[in-house]
Amino acid sequence: MAELAGGSIPGTAGEAASHGFEEESESWRTLSFLVDESLIMVVCVFTIIAAAERAMPALRQKEDVEKSGDKDGAPHDGSMFPTFQLDASLVFIIPVMLSVTLLALFFFFAQLEFIMAVYIACVAVCSLVFNIQPLCEGAVKLLCAVTTIRIDLPLVGEVTIATLFAVVISAAIVLAWLVTASWILLDVLGISLTIWMLCHIKLPSLRVAAIIFCGLVLYDIFWVFYSERIFKKNVMVDIAMKEAHNPVGVIAGKIGFPEVAKSSPKISLPGKLIFHGVFSSGTSVLGLGDIFVPGLVACYTKRFDYALRVSGRDLLRRHRWLTYFNCSLLGFCVGMTMSTLAVLLYGVAQPALLYIVPTSIVPLLLLALCNGEVGALWRGDCGTPHVPLVFSA
């Protein structure tokens with residue numbers, strides 16, 4: 001969950017012909033670095049917005065079912081996907097599980113890399129299917145005027161043609177990533193995984209968010225700042241920068257195609273987003289957790305805003321455009337900016353959650369205080385029982 005930056009960090013330039021030229025060059029590198037980081041922030045905000053919007057149709061359908069009391073009338077097309085609700089008891093469990101995973105990868109990466117690569121590739125296909133399927137359904141409806149065309153496949157059973165198209169496209173994208181090791185495709189998979197997780201994992205209240213995020217901030221600070229004192233290496237950075245042997249090459253070598261094995265590039269696993277500078281020569285790395293954590297808050301506030309809108313309570317606000325969702329996005333951007341400036345100032349990896357979590361929580365509480373809704377936002381209770389803030393299919 002660290003934010004890293006490579007050669008784009010100012011202050012690492014070679015010797016300049018003159019002092020004036022060196023200052024000009026350094027200023028240009030600083031500006032280029034900030035512009036590239038701004039583009040990264042745009043991608044992160046887009047990911048969070050996409051996840052929040054992707055989950056809203058399921059919430060509206062759940063509301064209609066609960067209002068009517070007809071649970072058998074719920075759609076069975078996968079749009080009301082199952083969700084997992086976080087609770088305060090996970091405040092210690094999550095950091096411990098993440099720490100164990102980090103240590104396992106740190107000490108046994110060579111033994112686990114093939115299993116991890118295959119597992120993540122399969123999960124990436126599932127996440128892509130989840131995100132692409134609505135587009136495929138729209139395309140099929142446009143071309144065929146219906147979306148219920150089904151195909152009976154051996155061992156699988158009946159699937160819609162839209163689902164089949166989504167699976168084929170998703171598998172092709174993952175295979176292209178394995179073959180090319182493209183950082184752009186890696187980021188596509190990372191964004192898809194983040195949206196998928198944000199749609200399936202929910203916060204019931206801001207109170208639970210504050211409790212769990214405190215544990216995650218301590219986890220982030222320890223592994224970024226203090227792990228080197230114990231393990232002689234920065235464990236978080238070491239894992240983030242490691243590349244795994246390509247499973248395509250490994251399998252090819254096992255079945256007697258050594259040339260394919262040799263030509264297969266190593267791959268970075270999609271637990272992070274990698275950005276090669278557009279205006280600078282460096283590379284920045286951002287852990288998916290640094291998008292997922294504020295994304296949880298943003299998705300919660302999106303549901304909270306919707307519940308307030310249904311109840312009519314948002315009509316009482318003076319500035320209706322300043323919703324809790326917009327406030328959470330603004331807080332995330334402020335936190336990302338602070339993290340970027342810290343990387344720029346100190347020239348070392350930063351625990352991004354140290355900056356993002358406070359700016360995601362505190363502005364929401366201040367806005368709720370102005371609106372007289374602190375208790376409702378904190379408890380996850382907006383007074384509209386038929387509009388659940390946390391729901392499951």
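**Exercise 1. Is the crossing of H4 and H9 left-handed or right-handed, and how are the two helices placed relative to each other?**

*Solution.* The structure is a predicted model, and the steps below work through its computed geometry.

Step 1. Two packed helices are described by the angle between their axes and the distance between the axes. Here the axes of helix H4 (residues 183-200) and helix H9 (residues 289-311) come within 10 Å and cross at roughly 40 degrees.

Step 2. Angles under 35 degrees count as roughly parallel, and 65 to 115 as roughly perpendicular, with the rest, apart from those over 145, taken as oblique; H4 and H9 are therefore oblique to each other.

Step 3. The handedness of this crossing of H4 and H9 is right-handed.

Step 4. On the H4 side, the residues that meet H9 are Thr 194, Met 197 and Leu 198, and on the H9 side they are Ile 291, Phe 292, Gly 295, Leu 296 and Cys 299. Sorted by class, this contact has six nonpolar and two polar residues, with no charged ones.

**Exercise 2. At what angle do H9 and helix H11 pack, and which residues make the contact?**

*Solution.* Step 1. H9 packs with helix H11 (residues 353-371) at an angle of about 10 degrees, and their axes are 10 Å apart.

Step 2. Because angles under 35 degrees count as roughly parallel, H9 is roughly parallel to H11.

Step 3. From H9 the contact takes Gly 289, Asp 290, Val 293, Pro 294, Val 297 and Thr 301, while H11 supplies Leu 353, Ile 356, Val 357, Ser 360, Ile 361 and Leu 364. By class, the contact of H9 with H11 has eight nonpolar residues, three polar and one charged.

**Exercise 3. Where in the chain is Ala 181 found, and where is Lys 232? Describe the phi and the exposure of each residue.**

*Solution.* Step 1. Most residues other than glycine have a negative phi. Ala 181, however, has a positive phi near 55 degrees, and Lys 232 has a positive phi of about 70 degrees.

Step 2. Ala 181 is in the loop between helix H3 (161-180) and H4, whereas Lys 232 is in the loop between helix H5 (206-231) and helix H6 (235-241).

Step 3. Ala 181 has 27% relative accessibility and so counts as partly exposed, while Lys 232, with a relative accessible area of 68%, is exposed.

**Exercise 4. How many helices and strands does the chain have, and what percentage of its residues count as buried?**

*Solution.* The chain has twelve helices and eight strands, and of its 393 residues 47% count as buried.

How values were computed:
Residues numbered from 1 in each chain as written. Predicted model: local features only at pLDDT ≥ 70, side-chain atom pairs only at ≥ 80, totals over all residues. Heavy atoms only, no water. Axes fitted to C-alpha atoms, helices over the stretch in contact; angles between N-to-C directions. Helix = DSSP H or I, 4+ residues; strand = E, 2+ residues; numbered from the N terminus. Left-handed = near helix turned anticlockwise from the far one by under 90°. Contact = heavy atoms within 4.5 Å. Nonpolar A, V, L, I, M, F, W, Y, C, P; charged D, E, K, R; others polar. Buried < 20%, exposed > 50% of the residue type's maximum accessible area, 1.4 Å probe, protein only.
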